[in-house]
Amino acid sequence: MNILLAGGAGYIGSHTAVELLTAGHEVIIVDNYCNSCPEAVRRVEEVAGKHVASYGADVKDKRTMMKIFEENEIDCVIHFAGLKAVGESVDKPIEYYRNNIDTTLTLLECMRESGVKNFVFSSSATVYGEENPIPYVETMKRGSCSNPYGWTKVMMEEILEDASKADSELSVVLLRYFNPIGAHESGRMGEDPQGIPNNLMPYIAQVAVGRRDHLTVYGGDYPTPDGTCRRDYIHVMDLANGHLKAVEYANTHKGVEVFNLGTGTPYSVLEIIHAFEEANQVPIKYEIGERRAGDLPEFWANAQKAERILGWKTKRTLADMCRDTWNWQKNNPQGYKK
Ligand code: NAD
Ligand code: UFG
């Protein structure tokens, strides 16, 4: 299949590109590089050993996107192109609503005008909100979010459900990611955050490589076994494989289907720090600080539906996630910059 990856130069998109190419699909990447760089696409080509059609373009730009849809015979769209920093979304809500929702609407319009029927969407565990019990199951109602980023995901899921109700030929797969970490095992591709990392694993990796002095653990007094928050961390290549399965599923089904992509096992912040130290024999300096506003004490996935229907299951361990993160970071201390 020919698969258009909107936001395909980013962390999850680039790893998914390799997985799709390796499985024999063709990919077309569209990215405006607002949170990535063309070097990421070059690395995808290097690792997969294949050429990739890529466009430096804004997915909100309908005219340019229509040209891309006309130039390429597209079978499926995967929509990764979003702004994703939770804290920033509180300060810049208008930018977040504009970018995340507009990209989705533009893609849906282009698909309708070009007769493309399959859509896979990067959603998030954040849509379960603050009220649902854990572990999260797809049958639960979407909850209320504590920030505009989360609301954009809730709204986009609703938009996609409505679009699907109005077009019985449309196939929409909503993938709710839990906490993707790790890197391609080659050490040539990985997460390359701009500025100070917001997320735990890239922060740990930058402490390990000497770019940051120490990690602050946000809160040590949560009602969890060791007092630090617990999350469901998933290797980015397992997540990438989930997209491969989702694309194949979308091609043979109609309507909307939702899948959690997680491992089903939570780890605390302290467990992640110690797993990283043990896997890589590198010390991580840290101190326990204040809680971060908006963090939930713990959540993880019930991932049985993806296994039952997509035949997807994670294969990689926490030690793999830590080893691959470090292999990427130590070989690319400044990320994709030389
Ligand atoms: P990322 O920032 O690395 O990738 C997103 C890509 O989209 C970037 O390359 C960025 O340049 C591009 N982009 C953004 N707006 C664009 C636009 N208007 N036009 C063209 N390109 C645009 O983020 P990621 O971690 O790879 O996340 C991918 C998707 O998965 C996002 O939608 C994110 O919200 C979602 N998600 C991520 C996580 C996570 O922890 N990483 C968790 C849940 C959901
Ligand atoms: N943490 C620290 N110190 C840091 C960074 C994070 O202690 O410097 C802690 C957080 O408090 C949290 C855990 O590490 O307990 C994980 O934090 P991340 O920021 O890595 O991930 P979140 O669970 O907060 O959020 C992630 C994505 C969101 C997504 C959410 C649910 O960043 O986009 O998972 O899928 F919405």
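Student: Pro135 lies in the loop between which two elements?
Tutor: The model is predicted: local features need pLDDT of at least 70, side-chain atom pairs count only at pLDDT 80 or more, and totals for chains, interfaces and linings use all residues. Residues are numbered from 1 along each chain as its sequence is written, chains are lettered from A and ligands numbered from 1 in the order in which they are written, and side-chain values use heavy atoms, without hydrogens and water. Helices (H or I, at least four residues) and strands (E, at least two) are DSSP runs numbered from the N terminus. On that numbering, the loop with Pro135 runs between S5 and H6.

Student: What is the omega of the peptide bond from Ile134 to Pro135?
Tutor: Most peptide bonds are trans. The bond from Ile134 to Pro135 is cis, with omega near 0 degrees.

Student: Is Asn147 buried or exposed?
Tutor: Asn147 sits in the loop between strand S5 (118–124) and helix H6 (148–166). Buried means under 20% relative accessible area, exposed over 50% and partly exposed in between, with a 1.4 Å probe and protein chains only. Because its relative accessible area is 7%, Asn147 is buried.

Student: Which residues does Asn147 contact, leaving aside its neighbours within four places in sequence?
Tutor: Contact means heavy atoms within 4.5 Å. With those neighbours set aside, the residues in contact with Asn147 are Val86, Ser89 and Val90.

Student: How far apart are the end C-alpha atoms of helix H5?
Tutor: The expected span of a helix is 1.5 Å times one less than its number of residues. The 22 residues of H5 (residues 93–114) should therefore span 32 Å. The end C-alpha atoms agree with this, being 31 Å apart.

Student: Is Gln281 buried or exposed?
Tutor: Gln281 lies in the loop between helix H9 (269–280) and strand S13 (286–289). Gln281 is not a glycine, yet has a positive phi of about 55 degrees. Because its relative accessibility is 65%, Gln281 counts as exposed.

Student: How much of the area of ligand 2 does the protein bury?
Tutor: A backbone N or O atom of Thr216 lies 2.8 Å from a nitrogen atom of ligand 2, and one of Tyr218 lies 2.9 Å from an oxygen atom of ligand 2. Accessible areas come from the Shrake-Rupley method with a 1.4 Å probe; for residues, only the protein chains shown count as cover. Taken alone, ligand 2 exposes 690 Å², and the protein buries 90% of that.

Definitions and conventions. A polar contact is a pair of N or O atoms within 3.5 Å; within protein, one must be able to donate a hydrogen and the other to accept it, and residues adjacent in sequence count only if both atoms are side-chain atoms.
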